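Here is a short briefing on a protein model. Please have your viewer open as you read.

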Amino acid sequence: MSKNYETVIGLEVHVELATKTKIFCGCTTAFGGAPNTHTCPVCTGMPGSLPVLNKKVVEYAAAVGLATNCKITQKCKFDRKNYFYPDNPQNYQISQLYLPICRDGHVDITLADGSTKQVRIHEIHMEEDAGKLVHDEYDDVSYVDYNRSGVPLIEIVSEPDMRSAEEVIAYLEKLRQTIQYLGASDCKLQEGSMRADVNLSIREVGASEFGTRTEMKNLNSFTAITHAIEGETERQIDLLEAGKEVEQQTRRWDDNNGESYPMRSKEDAHDYRYFPDPDLVPLNISDEWLDEIRSNQPEFKEEKAIRYREEFGIPDYDIGLITDSKKLADIFEEATAECGEPKKVSNWILGETMRILKEKSLDPEDITFSPANLAKLIKLVDGGTINGSVAKEVFANIFDEDVDPEAYVEEHGLKQVNDEGALKACVEKVIADNPQSVLDYKGGKVQAIGYLVGQTMKAMKGKANPGMVNQLLKEMLDK
Ligand SMILES: [Zn+2]
């Protein structure tokens, strides 16, 4: 009989910080660009070049630490992690081992059953990203692009406190939300600005020792992470059940085949021969500087939700979804400030905006339309200039191309027809053309009027005032 196992998971999450320049030089961090154009002697590891720390990196790292209840190491320093690989021009990565900037934090996650759980954060350290090897484009050679080399990263290392894929995803979502609220990163898994390595082991329920762990890399979506956790849990249980041992190794998850492959045996810190970086002076974060960072912390989801309840009086359901994303909250606040209609703005966000995001598989962070144009659209509907169905058509264009709704309605002749004479003539024709529906209605089938409304709207190319059409139809049919 199979034993009862539990999965033990800890995460190492790398986040690219949203600074304009790299961590130790003035090169741009902009994504893309022709290979090796965002580089200089420092980030290509030229002999004699010296690193200079970017102050903003420290501020972002400390801000993330404060938001995740960490203690800030005010006297911290950088260390060299030595390894040889062509994407790493110096043959060492500047990182932090001995005195990481943040330690001993935690975040609270909420699970599907409504329960909450605390996941402890062991540390957060600052480090530089590596370059990128290009293997596939040429037959017999590999190329290296150092544009990403020296882009600032923080690595958030959790304690092994998670027990399921659900807890892992809730933890990652909480981190992503917090960091996006801080503006410290856009945290896009697909583009690699947030990357998670999963350390996983199995043990019998009730055991006090941890099992041997493996680390899985290259997980670039929540779906892949979930699959990898499930797959690796199964693989390790199968090994133990067969009387074999789990080997400590780094594995690559292939989400297409639903399998993981060993990459190398997993290294421990001592394999890297860490030592203090002699080119960088120790960092002293003064009390004043730390206070300043603390006072610049934004309003987070929880505080925002309380304020929305008092200030806007929209339902808790709306508040929960809008404040889940800093981007949606910003759109909500700006559009509401323009049009003064919080519930209507909320309806557009939770309705059409969410529908289009889902249809196009986009995240709220991908939204590019301006809140002012949404506010204008709401005013056009409220003022009777366009009707609800035309508004949806206009919104689709605002979403895609951020069109000015007033100009768009004008250009495409979408103004609502409120002219009673024109509507009456159209309604009369629809009544004359649909005798069966008229008979049905008069015979007591009240819903038959819906068909006649539809026919009138169609004849008016969707632009009729629906309230007036209803009214006119009822008047004429009830005569
Ligand atoms: Zn550079």
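This is a predicted model: local features need pLDDT of at least 70, side-chain atom pairs count only at pLDDT 80 or more; totals for chains, interfaces and linings use all residues.

Residues are numbered from 1 along each chain as its sequence is written.

**Overall form**

- The protein has 15 helices and 16 strands; helices (H or I, at least four residues) and strands (E, at least two) are DSSP runs, numbered from the N terminus.
- Its radius of gyration is 29 Å, well over the 23 Å that the globule rule gives for 479 residues, so the protein is more spread out than a compact globule. That radius is taken over C-alpha atoms, and the rule is 2.2 Å times the number of residues to the power 0.38.
- Along the principal axes, the C-alpha atoms fill a box of roughly 95 × 60 × 55 Å.
- Of the 479 residues, 34% are buried. A residue is buried if 20 or more other C-beta atoms lie within 10 Å of its own, exposed if 12 or fewer, and partly exposed in between, with C-beta atoms placed from the backbone.
- Among contacts with a separation of 6 or more, 69% come from residues 24 or more positions apart. A contact means that the C-beta atoms of two residues, placed from the backbone, lie within 7 Å.

- Strand S11 (residues 194-204) runs antiparallel to strand S12 (residues 214-219), with 4 bridges between them; two strands pair if DSSP finds at least two bridges between them. Ala196 stands opposite Leu219 in S12.
- S12 also pairs with strand S13 (residues 249-254), in the parallel sense and over 3 bridges. Here Glu215 has Thr250 as its bridge partner, and Met216 stands opposite Arg251.
- From S12 the chain passes through helix H3 (residues 222-241) to S13, in a left-handed β-α-β crossover. For reference, a crossover is right-handed if, with the strands pointing away from the viewer, the path from the first strand over the helix to the second runs clockwise.
- S13 and strand S14 (residues 259-265) are antiparallel partners over 6 bridges, with Arg252 opposite Tyr261 in S14.
- The hairpin of S13 and S14 has 4 residues between its strands, and Gly258 takes a positive phi near 65° there.

- Strand S4 (residues 79-82) joins S15 over 2 antiparallel bridges, and Asp79 stands opposite Pro276.

**Helix H6 and what covers it**

- In helix H6 (residues 316-323), Ile319, Ile322 and Thr323 are the buried residues. They cover an arc of only 85° around the axis, which puts them on the same side of H6; the arc is that of the directions from the helix axis to the C-beta atoms.
- Tyr317 and Gly320 are exposed on the other side of H6.
- The cover over the buried residues of H6 includes helix H5 (301-312), helix H7 (326-339) and helix H8 (342-359).

**Nonpolar cores**

- The largest nonpolar core has 57 residues, and those with the most contacts inside it are Val15, Ala61, Val64, Ile124, Ile154, Tyr171 and Val198. Such a core is a set of buried Ala, Val, Leu, Ile, Met, Phe, Trp, Tyr and Cys residues joined through C-beta atoms within 7 Å.
- Helix H2 (residues 165-182) gives the most to this core, with 8 residues.
- Leaving aside residues up to four places away in sequence, Ala61 touches Ile101, Cys102, Ile124, Met126 and Ile154.
- Another core, of 29 residues, lies apart from it and includes Tyr308, Leu328, Ile331 and Ile367.

**Loops with positive phi**

- Most residues other than glycine have a negative phi.
- Asn91, in the loop between S4 and S5, has a positive phi near 70°. With 12 C-beta neighbours inside 10 Å, Asn91 counts as exposed.
- Lys461 lies in the loop between H14 and helix H15 (466-477) and has a positive phi of about 55°. Lys461 is exposed because it has 11 C-beta neighbours inside 10 Å.
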